[in-house]
Amino acid sequence: MIPKVFKEVIDLGDGREISIETGKLAKQAHGSVVVQSGKCMLLCTVVSNYEQKDLDFLPLTVDYREKFAASGRYPGGFFKREARPSDGEVLTMRLVDRVLRPLFPKDYHSETQVMIQLMSHDDDVMPDAMAGLAASAAIQLSDFPFECAISECRVGRVDGKFIINPSRAQLAESDIEMMIGASADSVMMVEGEMDEISEEEMTEAIKFAHEAIKVQVAAQLKLAEAFGRKEVREYPTERTDEDLEKKVYDMAYDKVYAVAKAGSEKHERSASFSEIKENIKATFSEEELEDFGGLVSKYYRKAEKAAIRNLTLDEGLRLDGRKTDEVRPIWCEVDYLPSTHGSAIFTRGETQALATVTLGTSREANKIDMPSYEGEETFYLHYNFPPFCTGEARPIRGTSRREVGHGNLAQRALKGMIPEDCPYTVRVVSEVLESNGSSSMATVCSGTMALMDAGVQLTKPVSGIAMGLISDADSGKYAVLSDILGDEDYLGDMDFKVTGTADGITACQMDIKVKGLSYEILVKALIQAKEGRLHILGKLTDTISTPNADVKSHAPKMVTKTIPNEFIGALIGPGGKVIQELQKETGCTIVINEDPVTEEGIVEILGTNQDGIDEVLAKIDSLMFKPEVDSTYEVKVIKILDFGPVVEYQDAPGNEVLVHISELAWERTEKVTDVVNMGDVFDIKYLGRDPRTRKDKVSRKALLPKPEGYVERPPRRNNDRDRGRNDRDRRPRRD
């Protein structure tokens, strides 16, 4: 039976379009679409179980995978099968999850899975830009309770012109790369990196992307209408009790407000809130708690949230006693760890990050091998968030998606400030030691100082700050919060992280939890963020104002040298013998790369001992030494043979040549040692390559004056073959 296919097309301009199709593939899923642009095709399926789980959160899993077959390639490694998701795939999962999750009802707890797969790849299309569109379109075809359609797109700017979903080649020339997620009415998510743009430019980019998203949302709704909208499924709603809610509210609100207004530290405040909650629960009997204890806890959290938010809206005060635009106290320190190549501590309030820097060769570059992209990073940052940083004990089960995402944000914030001529591969590792709000921004700050401490010549220092928002739609009141706490992130309406230099924004990440955030509030948040960012930047530069002039004494020094490709083999030697022995003798690491453009070899020499580096450089110069015809060179005798001394060029150690006995002096030389001995230093003249022997020919006597009355001797017969030929020449010819 031929399936009935439904399709909608979105015009991106410049001859590009995106199509959304359903009805052909994966029809047993609750919703499925194929999204295509050029030759790039994504299959998205969504399924949500009908049984509700006994949880207080939505068990939503967003999974994005790129199949190597999509680009006609095999997976790398020993096992030829796709394994755990790459960091790039994890980052795409996070981008989609952050927009979808808030749009499900808070009381919907069914296991839900969104699976997005790259089925066909196009080098000119970046598939992650269409993942959010695919996910939302599939959900629109399902019976899920879901608030509204959304979409995501990437925006770039080349030569001052904004572009929706630019290609990777266009992105290389762009000064903006931002992913925006939104519904038709509201921007919900922003993440990206920029080349020190202004707050106004960033706002314009978001507006441009939002207009494109509105078109994509309309196409989804049109497809769903054509396909036939399903009735939204019924599910058991959570139990409610208005009388109980009012009772708990009245018992908790004033007490929570008083504790919040006191401005205490995190653990003291948490203990006070827990005591209030337990005292309220103590007023109920065991039977009552068994019957509706869960509701008591839920209504307490609701009252707590209301009290804390109203304190900020009505009095401009926050949980730790700060004003809305105030940044927590900061202290910093560099060169804390004696053995690392660079290190720094950044502490802001109850958040602390310790960053380290390691310098290496191109061999340590981070290899990226995805179906949609192959390359390497010579600057990368890893972020670790151990459980003790929040005072918790829990098992560590590998790198979390959150750690990947936060590390990527900090990396994007700093990478634009690494100079293009930096010879090193640079790895930054951030260990979060304490966390109470915005550890990713603490990572940016500690990373900046650690890089400068390591002697990496950062173009400009970078700082970061996390902004929050508390708003009340009924009263119209709102408060933008600088440097938010962890509790303010949970209780607030926005988490907006902004990084930048003194001259502009380098990266951002924003999640908005309320509908219809106005651009007026967004601009205010950006301006307030700039003030806080510059304040923090001042604290960093007070600690270390400029990068250290050189790397530390125990850190490796890097020297690069370009050599013609013809000498690479000589430097490596047969079976790698020459380069291995040279590394062993000098204690240096030597890496050779071939530049396909210039067709030259780039030699990286990494070592802690300058003498060792100089020895490697001398060896390379020696290997590349080419004497010029008729030029004079100073040599030293290193070996005596019967037919002449072997000498070494003084300017190119390791380069040897034989001076034939006949070229030592104008007079006949019977014995080499009659003229020169071991260790003697003298000058020779380079006469070029002997075409017969294909060896270099040099002469000592050519630089000496001819003796008076000297008569040139006839040439010697060199071998029996020559002698036979000469004898034949003397025989009489037959007539």
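K706 is found in the loop that runs between β29 (696-699) and α15 (720-730). The model is a predicted one. In it, K706 is exposed, because its relative accessible area is 52% and the cut-off for exposure is over 50%. K706 and G500 are separated by 206 residues in sequence. Their C-alpha atoms lie 76 Å apart in space.

The overall fold was examined next. The chain contains 15 helices and 29 strands. Its radius of gyration is 36 Å, whereas the globule rule gives 27 Å for 735 residues, so the chain is more spread out than a compact globule. Along the principal axes, the C-alpha atoms fill a box of roughly 135 × 70 × 50 Å.

The chain exposes about 36,900 Å². Carbon and sulfur atoms supply 48% of that area. There are 95 positive and 125 negative side chains in the chain. The centres of these two sets lie 7 Å apart.

Salt bridges were searched for across the whole structure, and 44 were found. One of them pairs D63 with R65, at 3.3 Å from N to O. D63 counts as buried, at 13% relative accessibility. R65 counts as partly exposed, at 25%.

A further salt bridge joins R233 and D143, whose closest N and O atoms are 3.0 Å apart. R233 lies in the loop between α4 (199-227) and α5 (242-262), and D143 in the loop between α2 (131-140) and β7 (150-158), so the pair ties together parts that are 90 residues apart in sequence. R233 is buried, with 8% relative accessibility. D143 is buried as well, with a relative accessible area of 11%.

Helices are also linked by such a contact. The side chains of E245 and K302 meet in a salt bridge of 2.8 Å, N to O. E245 lies in helix α5 and K302 in helix α7 (residues 286-315), so this pair ties together parts that are 57 residues apart in sequence. E245 counts as partly exposed, at 24% relative accessibility. Elsewhere, salt bridges with shared partners form one network. Its members are R98, D128, R154, E177, E191, E193, R412, K415 and D511.

Technical notes
Residues are numbered from 1 along each chain as its sequence is written. This is a predicted model: local features need pLDDT of at least 70, side-chain atom pairs count only at pLDDT 80 or more; totals for chains, interfaces and linings use all residues. Side-chain values use heavy atoms; hydrogens and water are left out. Helices (H or I, at least four residues) and strands (E, at least two) are DSSP runs, numbered from the N terminus. The radius of gyration is taken over C-alpha atoms; the globule rule is 2.2 Å times the number of residues to the power 0.38. Accessible areas come from the Shrake-Rupley method with a 1.4 Å probe; for residues, only the protein chains shown count as cover. Lys and Arg count as positive and Asp and Glu as negative; His and the chain ends are not counted. The place of a charge is taken as NZ of Lys, CZ of Arg, CG of Asp or CD of Glu. Buried means under 20% relative accessible area, exposed over 50%, partly exposed in between (1.4 Å probe, protein chains only). A salt bridge is a side-chain nitrogen of Lys or Arg within 4 Å of a carboxyl oxygen of Asp or Glu.
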